[in-house]
Number of protein chains: 2
Amino acid sequence: MPNIRHGAVACANLRTMSTTETPAPLLSRPQVYIEDVARNLDAYDGKEVNIKGWLYNKRSSGKLHFLEVRDGTGILQCVMFVKDVSAELFARADHLPQETSLVVSGKVRLDKRSPLGFELGLTGMEVVAEPTKEYPISPKEHGVAFLMDQRHLWLRSRRQHAILRVRAEIVAAVRRYFDSHGFTLVDAPIFTPAACEGTTNLFEVGYFDQKAYLTQSGQLYMEAAAMALGKVYCLGPTFRAEKSKTRRHLTEFWMVEPEVAYLDLTGVMDLAEDFVVSVVEQVLANRRRELEVLERDITKLELVKKPFPRITYEEAIGLLQKAGKETKFGDDFGGDEETVISEHFDRPVMIHHYPAEIKAFYMKRDPQNPKLALGVDLIGPEGYGEIIGGGQREEDLARIEASVEAHGLPREAFEWYLDLRRYGSVPHGGFGLGIERTVSWICGLHHVRETIPFPRMLERLTP
Amino acid sequence: MPNIRHGAVACANLRTMSTTETPAPLLSRPQVYIEDVARNLDAYDGKEVNIKGWLYNKRSSGKLHFLEVRDGTGILQCVMFVKDVSAELFARADHLPQETSLVVSGKVRLDKRSPLGFELGLTGMEVVAEPTKEYPISPKEHGVAFLMDQRHLWLRSRRQHAILRVRAEIVAAVRRYFDSHGFTLVDAPIFTPAACEGTTNLFEVGYFDQKAYLTQSGQLYMEAAAMALGKVYCLGPTFRAEKSKTRRHLTEFWMVEPEVAYLDLTGVMDLAEDFVVSVVEQVLANRRRELEVLERDITKLELVKKPFPRITYEEAIGLLQKAGKETKFGDDFGGDEETVISEHFDRPVMIHHYPAEIKAFYMKRDPQNPKLALGVDLIGPEGYGEIIGGGQREEDLARIEASVEAHGLPREAFEWYLDLRRYGSVPHGGFGLGIERTVSWICGLHHVRETIPFPRMLERLTP
């Protein structure tokens, strides 16, 4: 067996980096993350640590430089006192531009005025690389189009950083919920041979000698998987080629879609409610600091408790008419209607029993009133619109065949889906929750474009 | 505020289902999952439970029916004794075909001979729906093409069920590892404006008036994100339009890609090793029963411990030549070479310092020997091939500019990527791990087509 090598190659490498001017002992020493110190203040109090990061901001007052250093986990105030370092280093620190990459070392000093609970008294500093040009994003206000062009750099800003961390927490909370409630993750395919709900908003891909479409929803596949595994979910990107430029639309967005065998409409509503409460609770528990950076009104999120109000579509129409809207039975709700309805409640509201005509072909009709579908939408509070859409699926073969035909869908492409009603059909249901709209609501963002790391919209395909 | 409704609608609905012949009290009673009973045998011993599922298999011996019922979490033997049920029900049970959906109720009886630790003594049964045709997948052997056409049903088979559960556990283990080691999930975009490694194997999409390409890797975006958040990862589908029909290729596959600022090649190897050990350990801890269903040699997986051997590309060439291969310096390794190398070791092996010429444009060259790239591949044991590819990235602006040019890449499309070297450039690295190849290795599967719920290959776009 050849020798096992450890460390030698890469450490040598770091020591000879062309971007450092002098041998770089700080760069090759172990790194401590700001967040880890903040979480273990007692253990680190008075200890010497090495932070590797970037210069975020700087101010000076004669004998002191205050360097704000970010390392991806936090932004730390580092204090360089003229007497603690060489004159050369002190002078150097005075001329460092924003986004200089650098390693600082010093002593952890607890400080209750700091949001992190500590600051660093510097004893050493090494510049890893200075920007080759002036950093384009200054603390002044920039236009959104400019910032979107600089998205790869904009992510470094305090606000975008906070949004990304909340987004990651939401996705983790979603997965924790389903993984701990007996659901099995089943990844839905992205390439699909047929349209789930019409071809209008589909992206078409040349697939060797065929055509494929990018998925709009994993639901049909989740129905198949639920018959195999009982409780399943998928979480992945979905695509809509909508030509609309609204604050709620992306061409590429992420969706989580649970599906459960032997679940009826009430079960779907119970699941949606329990799930949403759990996600909000986990974000409040783990990302409160980020919500504060975003100046989110946290008291509004703390109201998201069970039970959520459940109203029928007809009751919702009543609310809209009372508010002076001319909405009538059979109309679908747009953003305006959703906002008016949400204003009646201090938490998410579930609207169920929509007219079957305005809902998808797979929705089960209410046996008591076949004009109604056993579907439910969950509308976020504060005007954030539809967060969840779902319901019970039609499980009867003859009725789903009739529905495929009535909707003008290509029967052959749906044969496999009809098989689910031929073999072992059971009542079942589920829903889809849009990740970006949920991030938008929880972070309190007006536009979804900041809820995803690299947004794709009608006129935005870069960077 | 309108009334809050609970339960009424859907329970009524279930009770009047057209597919049941009689009122269905069992269907509307609470469901217990087989797996939950198996995990809490003492609590359920002697208790009456309701299992909702499907008939998987059946045999009879005069006064007894043995019904194997699956509910998505397990396959349970249910014993129906002629004296415990009505004559009508006993006769009915004798004529139920495979994949009948049904609810059974009865008493939990502990039984050490059962792999689950218990069986169910039936006192009641309700048929939810009988198949409308004979179920196409019988216990006899079927050809793979046929089973792939029936993928939506094939998932219900014991073996496919086990693979999907191991896959879900691998993805969960991957996420748990990164989430608990300070990484932030940053979703990479699927629509990309430019090719990361040439346009040959790209899927092209009409994007309104432009063209877009489906991502082959999130790496370049992760590099941007690592400069913002320090330690990041993405986990999502990636696409390669390869016209090859091998047992290791899918057109759509999932990849996890961590990227870390201030990490060198040794750090990348340490991370890859720690990560792979953790994933295998978690699968062994949580999915041992499924690995037994797959008849996986678990002792081979138990050998996956630190340290993994680390050999240079040159040492690997030596191994190949000793084995009689004619591979010479400058050749890339294919599946055959990987298998020969893997046979020298009882665990994954890492090969580093490849010739720069055969590696991607973004790889950092070894300052000691610029003909070599600071890249590493991790080769799975037992001939499962490359599981991980990664390394340290070039952080110097002039060198990465030269590399973009030397590789004939469109400079303009890479300007944003070059910005990462203009502003706050630091040494950094990461890797990509293919989920399907990892599932293939851990499950011991010859072909990757069974590692993903709905595989997409050169000639397979359905169901």
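**Entry 1**

I began at Glu382(A), which at 34% relative accessibility counts as partly exposed, the classes being buried under 20% relative accessible area, exposed over 50% and partly exposed in between, with a 1.4 Å probe and protein chains only. This is a predicted model, in which local features need pLDDT of at least 70 and side-chain atom pairs count only at pLDDT 80 or more, while totals for chains, interfaces and linings use all residues. Side-chain values use heavy atoms, with hydrogens and water left out, residues are numbered from 1 along each chain as its sequence is written, and chains are lettered from A and ligands numbered from 1 in the order in which they are written.

I looked up the backbone of Glu382(A) and found a positive phi of about 60°, although this residue is not a glycine. I placed Glu382(A) in the loop between β15 (369-380) and β16 (385-392) of chain A; helices (H or I, at least four residues) and strands (E, at least two) are DSSP runs, numbered from the N terminus. In chain B I noted Glu295(B), again not a glycine, with a positive phi of about 55°, in the loop between α11 (288-293) and α12. Glu295(B) counts as exposed, because its relative accessibility is 72%. I record both since most residues other than glycine have a negative phi, and most peptide bonds are trans.

**Entry 1: cis peptide bonds**

I found a cis peptide bond between Thr462(A) and Pro463(A), with omega about -5°, and I located Pro463(A) in the segment after α17 (435-443) of chain A. In chain B I noted a cis bond joining Lys306(B) to Pro307(B), with omega about -10°; Pro307(B) sits in the loop between α12 (298-302) and β12 (310-312).

**Entry 2: chain A and its helix α17**

For chain A I counted 17 helices and 17 strands, and I read the span of its C-alpha trace along the principal axes as about 85 × 65 × 40 Å. Of its 463 residues, 62% count as buried. Contact means heavy atoms within 4.5 Å, and among the contacts in chain A between residues at least 6 apart in sequence, 67% join residues at least 24 apart.

I then asked why α17(A) can be called largely enclosed by the rest of the structure. After α17(A) comes Gly444(A), with a positive phi near 75°.

**Entry 3: how the two chains meet**

I superposed the copies by least squares on the C-alpha atoms of residues with pLDDT of at least 70 in both; chain A can be laid on chain B with an RMSD of 0.0 Å by a turn of 180° and a shift of 0.0 Å along the axis. The two copies are thus related as by a two-fold rotation axis, and in chain A the C-alpha nearest this axis belongs to Val205(A), at 2.5 Å.

I found 134 residues of chain A in contact with 134 residues of chain B. Since 100% of the interface residues of chain A are also interface residues in chain B, the copies meet through the same surface. Between them the chains bury about 10600 Å², 65% of it on carbon and sulfur atoms, where buried area is the accessible area (1.4 Å probe) that two parts lose on being put together, summed over both. In chain A, the residues that lose the most area to chain B are Tyr262(A), Tyr423(A) and Leu461(A), together 8% of what that side buries.

I followed Leu461(A) across to Ala212(B), whose contacts, leaving aside neighbours within four places in sequence, include Leu461(A), Phe191(B), Phe203(B) and Val205(B). Ala212(B) belongs to strand β9 (residues 210-214) and counts as buried, because its relative accessibility is 0%. Its C-alpha is 5.2 Å from that of Pro193(B), 19 residues apart in sequence.

I also looked up Thr238(B), in strand β10 (residues 231-239) of chain B, which is buried with a relative accessible area of 3%. Not counting residues up to four places away in sequence, Thr238(B) touches several residues, including Thr215(B), Ser217(B), Phe253(B) and Met255(B).
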